[in-house]
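My notes follow in the order in which I went through them.

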Amino acid sequence: MKAIQHQELVTPALLIRAEAMARNRQRMTQAMSKFPSVSLRPHMKAHKCGPLALLQVADGALGVCAATVDEVYVAASAGVKDILLSNELATLAAVKRFVKIAAEFSQAKLRICVDSVGLIRLLKEAGAAAVNVGVLIEVDVGHHRCGCHPDQVVALAQAISEAGLSFDGIQCYQGKLQHIRDRDARRDAVMASAVAVAKLSKQKLLDAGIECNIVTGGGTGTFTVEAGSGVFTEVQPGSYLFMDVDYGKNPDTPFESSLFVLATIISIDSTRSWAVIDAGHKAVTMDSGPPAVVGHAETVQYTSGGDEHGILSTGNVGDLPVEFEVGKQLWLVPGHCDPTVNLYSTVHVMTEDGKSE
Ligand SMILES: Cc1ncc(COP(=O)(O)O)c(C=O)c1O
């Protein structure tokens with residue numbers, strides 16, 4: 001690949017700092033080394049990128065999670081051998097596509113989450129029993145998104161087996177807890193929800209004589225709690241690779257920002273009260289708060305200027321940093337990495353010597 005300097009990039013552009021990402025990978029390996037009986041299954045919804053999924057497998061991950069059928073395809077075609085679609089599908093067309101991927105990449109083990117008999121029927125109808133597919137039951141552990149009640153797991157596991165499918169375990173993910181800022185409060189909340197409900201659900205299965213080999217869940221903010229619980233067999237952090245402004249507010253996080261949006265100042269108002277950059281909603285998402293400007297995170301605020309524009313100001317007339325000039329490039333830390341990555345078809349990997357590929 002051709003090495004270029006970031007100054008040559010047309011902005012807005014998505015960049016990864018290679019060394020920072022490598023440090024995050026090492027920190028994850030180190031964190032997981034404390035839980036030798038628990039596997040890492042990173043969530044690729046953060047990067048949606050086959051080569052990065054392979055790097056994570058090279059780091060020791062047993063496979064990846066995917067959030068969509070498209071992500072399953074990206075991982076399978078990159079050569080990942082163990083992929084969990086950590087989500088439900090609801091139409092025969094979507095289930096058929098999932099089964100087709102399993103048939104095409106038969107050396108890969110694909111798994112999918114279900115929380116109703118409807119999806120079990122669709123899997124049967126699409127021929128999932130004839131391919132290398134396993135089924136997990138998603139349990140609602142307090143996120144109140146997808147997932148069944150713990151009282152339903154036995155009946156669902158029986159329905160999976162009766163459909164000729166392989167019941168492999170349960171998913172117990174609680175996303176809302178990831179960003180509780182206080183570490184002890186976060187740990188207590190995970191123990192009271194994800195861990196307690198996972199234990200209860202597994203026990204119900206065991207009492208009914210049904211094996212539950214996989215218990216999976218956890219994210220960047222909580223994975224050490226699930227991993228140390230004695231019930232989870234694998235954890236699913238995704239954002240640890242990149243981080244973002246929101247996760248950076250968890251004071252105990254060992255991870256650092258490695259993902260940036262490169263933007264350029266395209267206009268400055270005559271009183272130097274605000275600068276306009278070429279990064280609006282189409283370049284950074286605002287769902288978890290605004291991006292931060294590297295080097296000015298404490299003083300300069302980003303507000304939306306619409307689809308293509310971002311407005312930077314300190315809130316004081318004439319108070320823009322002196323180095324802010326039209327044409328100057330700025331590095332932004334995204335407020336939320338996953339949906340920001342989703343806006344780009346290309347990511348540039350930048351090394352500390354300034355080269356990008
Ligand atoms: C089911 C599931 N598992 C794991 C994750 C990874 O979480 P994080 O990116 O916070 O590490 C997510 C993120 O939304 C998720 O939906």
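**Ground rules.** I am working with a predicted model, in which local features need pLDDT of at least 70, side-chain atom pairs count only at pLDDT 80 or more, and totals for chains, interfaces and linings use all residues. I number residues from 1 along each chain as its sequence is written, and I note that side-chain values use heavy atoms, with hydrogens and water left out.

**Domains.** I looked up how the protein chain is divided, and found domain 1 (43-237) and domain 2 (259-356), with bounds that come from an automatic or database domain assignment. Taken over C-alpha atoms, the centres of the two domains are separated by 36 Å.

**The sheet.** For the elements I rely on DSSP runs numbered from the N terminus, where helices (H or I) have at least four residues and strands (E) at least two. I count two strands as paired if DSSP finds at least two bridges between them.

I then asked which residue of S6 stands opposite Leu85. The residue is Ile112, and the strands concerned, S5 (residues 82-85) and S6 (residues 109-114), run parallel and are joined by four bridges.

**Around S8.** I looked next at strand S8 (residues 166-171), where five of the six residues are buried, a word I use for a relative accessible area under 20%, with exposed meaning over 50% and partly exposed in between (1.4 Å probe, protein chains only). S7 (residues 133-138) runs parallel to S8 and is joined to it by five bridges, and Ile137 has Ile170 in S8 as its bridge partner. S8 also runs parallel to S9 (residues 214-217), here with three bridges, and Gln171 faces Thr216 in S9.

I traced two crossovers through S8, taking right-handed to mean that, with the strands pointing away from the viewer, the path from the first strand over the helix to the second runs clockwise. S7, helix H6 (residues 153-162) and S8 make a right-handed β-α-β unit, and S8, helix H7 (residues 183-207) and S9 make a right-handed β-α-β unit as well.

**The ligand.** A ligand nitrogen atom lies 2.6 Å from an N or O atom in the side chain of Gln236. A ligand oxygen atom lies 2.6 Å from an N or O atom in the side chain of Ser239, and for the side chain of Tyr247 I noted an oxygen atom of the ligand at 2.6 Å from an N or O atom.

**Ala67.** I found Ala67 in the loop between strand S4 (64-66) and helix H3 (69-78), buried with a relative accessible area of 17%. Leaving aside neighbours within four places in sequence, Ala67 is in contact (heavy atoms within 4.5 Å) with His43, Lys45, Leu85, Ser86 and Asn87.

**His296.** I placed His296 in the loop between strand S13 (292-293) and strand S14 (301-304), and its relative accessible area of 13% makes it buried. Not counting residues up to four places away in sequence, His296 touches Pro321, Glu323 and Phe324, and its side chain makes a polar contact of 3.3 Å with that of Glu323.

Most residues other than glycine have a negative phi, and most peptide bonds are trans. Against that, I noted a positive phi of about 55° for His144, in the loop between S7 and H6, and a phi near 65° for Met243, in the loop between strand S10 (234-235) and helix H9 (245-248).

Is each of these two buried or exposed? His144 is exposed, at a relative accessible area of 62%, whereas Met243 is buried, at 1%.

Last, I checked the peptide bond from Thr11 to Pro12, which is cis, with omega near 0°; Pro12 lies in the loop between strand S1 (4-5) and strand S2 (13-17).

Methods. A polar contact is a pair of N or O atoms within 3.5 Å; within protein, one must be able to donate a hydrogen and the other to accept it, and residues adjacent in sequence count only if both atoms are side-chain atoms.
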